[in-house]
Every structure is written in structure tokens, then in C-alpha cells.
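Hello,

Here is the structure I promised to hand over. Please open it and keep it beside you while you read my notes below.

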Amino acid sequence: MAFHIGAKKGEIANTVLLPGDPLRARFVSENLMQDSFCYNEVRGMYGYTGFYNGKRVSIQGAGMGIPSNTIYAHELINTYGVRTLIRVGTCGAVLPELKLGQVILAITASSDSGINNQIFKGLNYAPAADFALLSAANDVAKKLGIDAMIGNVFSTDVFYSNEEDRWGVWAQHGILAAEMETSGLYTIAARFNVKALSILTVSDNIITGEVSSAKDREQRVSDMMKIALEIADE
Ligand code: HPA
């Protein structure tokens, strides 16, 4: 057992999908996986292990923001020996032309989070996806006919901000969307020499104000989940 995960050793697969929402973990385990069981209910942060096309895989709710996400990533890696972490989450587009439901494969993540400043003493570390996972995700998306963009995202600590034109300079420098976890996840994965990738679905467009309904979100995230399940290492 770890501090926040109640699973026994061996109950968690080598690859873990990490949605923020534990109910999304349950939804995927019930609808896209076979023979799954719940290994964690601590804090209501459900985790399941099951099979996808015969391949053993786990999915673990990880909460919102870098502190929560990296607590789960740390325990999965260090207590349970997980080697591949795939974030499956939503993001807010910062380019007006990006449509709801667009899938984004995050090659890297910029951030306003203080966490990496603390670790790297104010210098600029560039958190990056595992290239083999990124490349596999791109191949699977093509095979499944899913339009997936590869690019830079922004991991923020601040969902509700007062700042005006907060995203202009970031969009101008190639940021596609804002979310709240990827830079932390990529940093932790690098530290412990495991693989990580964030696969994101645009749930809202911060510039145009478009927002997916909860029902739309459920349908739209299934492309992202399929990509993640397909590239999971056994
Ligand atoms: N901002 C930050 N994180 C997000 C957003 C957003 O608009 N949408 C989904 N995750």
C-alpha cells in the first residue's frame, strides 16, 4: 500500500492511464476494458485494473492540478513499479480555430507552476513526452482516422484568472491549449526514468467561450481513451 493508493503489490499493471476524474476511470473500466476490478477507493480516487484486447492495463483517477497528479504518479512508479503513465485529460484551447473534441498529443508543456521553479532553482527545465509513446500515439490516431495535433500545451495552477489577454503571448509562441498537469507529470517521469505522454481532448475554447456539455465530453473523450489503450505497454 502507498499513502494514497490502497492496492496490493501486483494489482496494478505496468501501464496506467491517468484521467483527472475518478468517475472517468470507472467509465473506461466498465465500457472499454474487460474483467476489470477496482483496486483503490481511498479518497474516492478510483483505480481499476483490467484488460484491453487481452492486454493488462490500469486506469487511476489522479485529481486536478500538478500536486495531485504527481502524488499519484510518484506512488504508482515507486510503490507499484509502473513504467508507463498516460494522462488522458481535457484542456481549454487558446487558439480560436481549435474545435471542441480536438485531440492533442502534448510533445512538451510550458507552465506557470512554481513546482519546477523550486526543483530547478528558477531555471527553465523543458518537460517532454516520451518520444516512442508519442510516435505510437500518432500512428494509432492515423490508423483509427482520429485527427490528432502534436504540440506544446500550458500547464497552469490557475483555472480561474483575472488576467486580461492571458493567453496572447503563449498562443503566439505555439501553445495550443491550457490544462493543469502535464509539465509535472513529464518531470516526475523523467526523474524516475519511466515513460509518459499526455493525450488531451479540447473540452472548451478559452478564446471563443465554447464549452462541451458533460454528455458531449463523455463521447468526445472516447477517441483519446482508445489511443491510450492501444499504445499501453503490457
Ligand atoms: N483551463 C485550464 N485547464 C483546463 C481547461 C481550461 O480552460 N479546460 C480543461 N482543463
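**Helix 2**

In helix 2, the buried residues are Ile 66, Ser 68, Asn 69, Thr 70, Tyr 72, Ala 73, Glu 75, Leu 76 and Ile 77. Buried means under 20% relative accessible area, exposed means over 50%, and partly exposed lies in between (1.4 Å probe, protein chains only). Helices (H or I, at least four residues) and strands (E, at least two) are DSSP runs, numbered from the N terminus.

Before you go on, note that this is a predicted model, where local features need pLDDT of at least 70, side-chain atom pairs count only at pLDDT 80 or more, and totals for chains, interfaces and linings use all residues. Residues are numbered from 1 along each chain as its sequence is written, and side-chain values use heavy atoms, with hydrogens and water left out.

Now the length of helix 2. The helix covers residues 66-78, which is 13 residues. From first C-alpha to last, helix 2 reaches 17 Å, close to the 18 Å expected at 1.5 Å a residue. That expected span is 1.5 Å times one less than the number of residues.

**Salt bridges**

Side chains of opposite charge can pair when their charged atoms come close. A salt bridge here is a side-chain nitrogen of Lys or Arg within 4 Å of a carboxyl oxygen of Asp or Glu. By this rule, the count is five. Three of these pairs follow.

Start with Glu 181 and Arg 87. Their closest N and O atoms are 2.9 Å apart. Glu 181 sits in the loop between strand 8 (175-179) and helix 6 (182-191), and Arg 87 sits in strand 5 (residues 84-93), so the pair ties together parts that are 94 residues apart in sequence. Glu 181 is buried, at 5% relative accessibility. Arg 87 is buried too, at 3%.

Next, Asp 112 pairs with Arg 166, with the closest N and O atoms 3.3 Å apart. Asp 112 is in the loop between strand 6 (103-111) and helix 3 (114-119), while Arg 166 is in the loop between strand 7 (148-155) and helix 5 (168-172), 54 residues apart. Asp 112 is partly exposed at 34%, whereas Arg 166 is buried at 13%.

Then look at Lys 195 and Asp 233, which meet at 3.0 Å, N to O. Lys 195 is in strand 9 (residues 195-205) and Asp 233 is in the segment after helix 7 (214-231), 38 residues apart. Lys 195 is partly exposed at 25%, and Asp 233 is partly exposed at 27%.

Finally, shared partners join Arg 87, Glu 179 and Glu 181 into one salt-bridge network.

Best wishes
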